[in-house]
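Subject: Handing over a structure, with notes

Dear colleague,

I am passing a structure on to you, and I would be glad if you kept it open while you read the notes that come after it.

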Amino acid sequence: MSVLRPLDKQPGLNTATILLVGTEDALLQQLADSMLKEDCASELRVHLARSLPLPSSVDRPRIDLIVFVVNLHSKYSLRNVEESLHHVDATFFLGKAAFLATGAGRESHCSVHRNTIVKLAHTYRSPLFFCDLEIEGFRATMAQRLVRMLQICAGHVPGVSALNLLSLLRSSETLAPEDL
Amino acid sequence: MDETVAEFIKRTILKIPMTEMMTILKAWDFLPENQLQTVNFRQRKESLVQDLVLLCESKRASLRDAALLDIIYTQFHRHQKVWDVFQMSKEPGEDVDLFDMERFKSSFEKILRRALKNVTVSFRDAEENAVWIRIAWGTQYRKPNQYKPVYVVYYSQTPYAFTSFCHLKSNTPLLSQALTVASNHHKIVKMDLRSRYLDSLKAIVFKQYNQKFETHNSTMPLQETLELDMHMDSRIIHENRIEKERVQRVTQETFGDYPQPRLEFAQYKLETKFKSDFHGGILAERKEPLRCLIKFSSPHLLEALKSLAPAGIADAPLSPLLTCIPNKGMNYFKIRDK
């Protein structure tokens, strides 16, 4: 199974699974811990992967949301995410995928330009979040947002679907990168 | 007591932090215990130093005693200096004579004095058959500058000597010659290794860094990391567990379990001619080689390199140019076209 598809498995009862993809394991681990601290009616599961494709030997549940984590300090992490994107089915990008850029706070350490990641997110028509995962407070807030997003993508919030959420998020973007 | 000596002692004692004052004075062993008891160590530092200098005057401290105090201070604060490493060698087939410390010291001092009248040389023996040498340089017409000395730490049972960085580069050949001749060696070469941490340089050069000490509860580290994973939240699943384990294994094979010796930087100088498939490009005709300097700095370089792959910042295995540093005993590299 080299391509991830959103609807190729049965959903688990009251389970919501998120997949975090990124090279820096420590950051992903911290984000996962923050997410699991949140009070949530659904049963959460967090899968951490360095890159895609995922090893086929692992038995995993249906993935409801993929978050690609890019560290703006490292071109290596950007390249890793770009290569992983090839292994994701296009239907994931109908609201079940998002990008998270970390490290923007320390401008002098950034080797990936802000525009690069903005363009990438725009190409894949998916929301982009900027959050310095190393800072406890920002990370907790981001975790809250992701948990809420995950619940919607898993269908646990009545009346709102992943696609609804995507169009709601998109309308708040006032300028496309071409206009910048 | 000479005014300059008094000033020198005063400035040296002023440098000593209050927490170390007693220890260093005891190591110096110039002021006897009962006299030290009479001094009030709780007063302000300036007044304490004045009292101590008065005591030294009463005991008629000489430049020699002052130099010894300076050596002891430096031994306690060796990280304040940057150390270079020299390696000496004998002619092949030369007899291995028994090393005589006193003969070495007198020979060393004689060679320096023959070349330069104004020089202060002091010695202090240390453990492991080592000797700390302090040299204050002067010129033909000026007395030695006691505030910019050079230190040499020579391990007599080895061909290695460590010298502190010297601003007056002109005296280095003389120093090298004195060291080589006095220790019965034939040649001396400066290694491409430099650091503040003398003990780490020792560990690298004497190949002592990879000795693991057996403890009662030493378990295999790999098993430890796996056990740690079990304690984590079971709702977090690592997809690339096998890859993570491979990276841990490769890192452990390259760097070992032991603490790495401490270096602050590694420097790579690259010099290469421009190579291109396109003829007639702007750089194709260039005769001058291209030069590039890359410097890695860190409070603890080798530990930082060791943690690169597990942190996901680099691929494992790392480039051999980085991992060969302790093995080759170099942290300055010159890479040229073959």
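The notes below go through helix contacts, backbone details and cavities in turn.

Please keep in mind throughout that this is a predicted model.

Helix contacts

In chain A, helix α1 (residues 25–37) and helix α4 (residues 136–153) have axes that come within 8 Å and cross at roughly 65°. Since angles of 65 to 115 degrees count as roughly perpendicular, α1(A) and α4(A) are therefore roughly perpendicular to each other. Their crossing is right-handed. On the side of α1(A) the contact is made by A:Q30, A:L31, A:S34 and A:M35, while α4(A) brings A:R139, A:A143, A:L146 and A:V147 to it. Sorted by class, this contact has five nonpolar, two polar and one charged residues.

In chain B, the axes of helix α1 (residues 3–15) and helix α5 (residues 63–76) come within 10 Å and cross at roughly 15°. Angles under 35 degrees count as roughly parallel, and so α1(B) is roughly parallel to α5(B). The crossing of α1(B) with α5(B) is left-handed. From α1(B), the residues in contact are B:V5, B:F8, B:I9, B:T12, B:I13 and B:K15, and from α5(B) they are B:L63, B:A66, B:A67, B:L69, B:D70 and B:Y73. By class, the residues of this contact divide into nine nonpolar, one polar and two charged.

Backbone details

Two peptide bonds deserve a look. A cis peptide bond joins A:L52 and A:P53, with omega about 5°, and A:P53 lies in the loop between β2 (43–49) and β3 (65–71) of chain A. A cis peptide bond also joins B:A316 and B:P317, where omega is about 0°, and B:P317 is found in the loop between α11 (301–306) and α12 (320–323) of chain B.

Cavities

How many cavities of 30 Å³ or more are there? The count comes to four, and in the largest cavity there is about 80 Å³ of space. Ten residues line the largest cavity, and of these A:L4, A:R5, A:D8, A:P61 and A:I63 lie nearest its centre. The lining of the largest cavity divides into five nonpolar, no polar and five charged residues.

With best wishes

Key
Residues are numbered from 1 along each chain as its sequence is written. Chains are lettered from A and ligands numbered from 1 in the order in which they are written. This is a predicted model: local features need pLDDT of at least 70, side-chain atom pairs count only at pLDDT 80 or more; totals for chains, interfaces and linings use all residues. Side-chain values use heavy atoms; hydrogens and water are left out. Axes are lines fitted to C-alpha atoms, for helices over the stretch in contact, and angles run from 0 to 180 degrees between N-to-C directions. Helices (H or I, at least four residues) and strands (E, at least two) are DSSP runs, numbered from the N terminus. Angles under 35 degrees count as roughly parallel, over 145 as roughly antiparallel, 65 to 115 as roughly perpendicular and the rest as oblique. A crossing is left-handed if the near helix is turned anticlockwise from the far one by less than a right angle, and right-handed if clockwise. Contact means heavy atoms within 4.5 Å. Ala, Val, Leu, Ile, Met, Phe, Trp, Tyr, Cys and Pro count as nonpolar, Asp, Glu, Lys and Arg as charged, and the others, Gly among them, as polar. On a 1 Å grid over the protein atoms alone, a cavity is a set of points where a 1.4 Å probe fits but cannot get out, and a pocket is an open set with protein on both sides within 12 Å along at least five of seven lines; lining residues have an atom within 4 Å of a point. Grid points are joined across faces, edges and corners, and a volume is the space filled by probe spheres set on the points.
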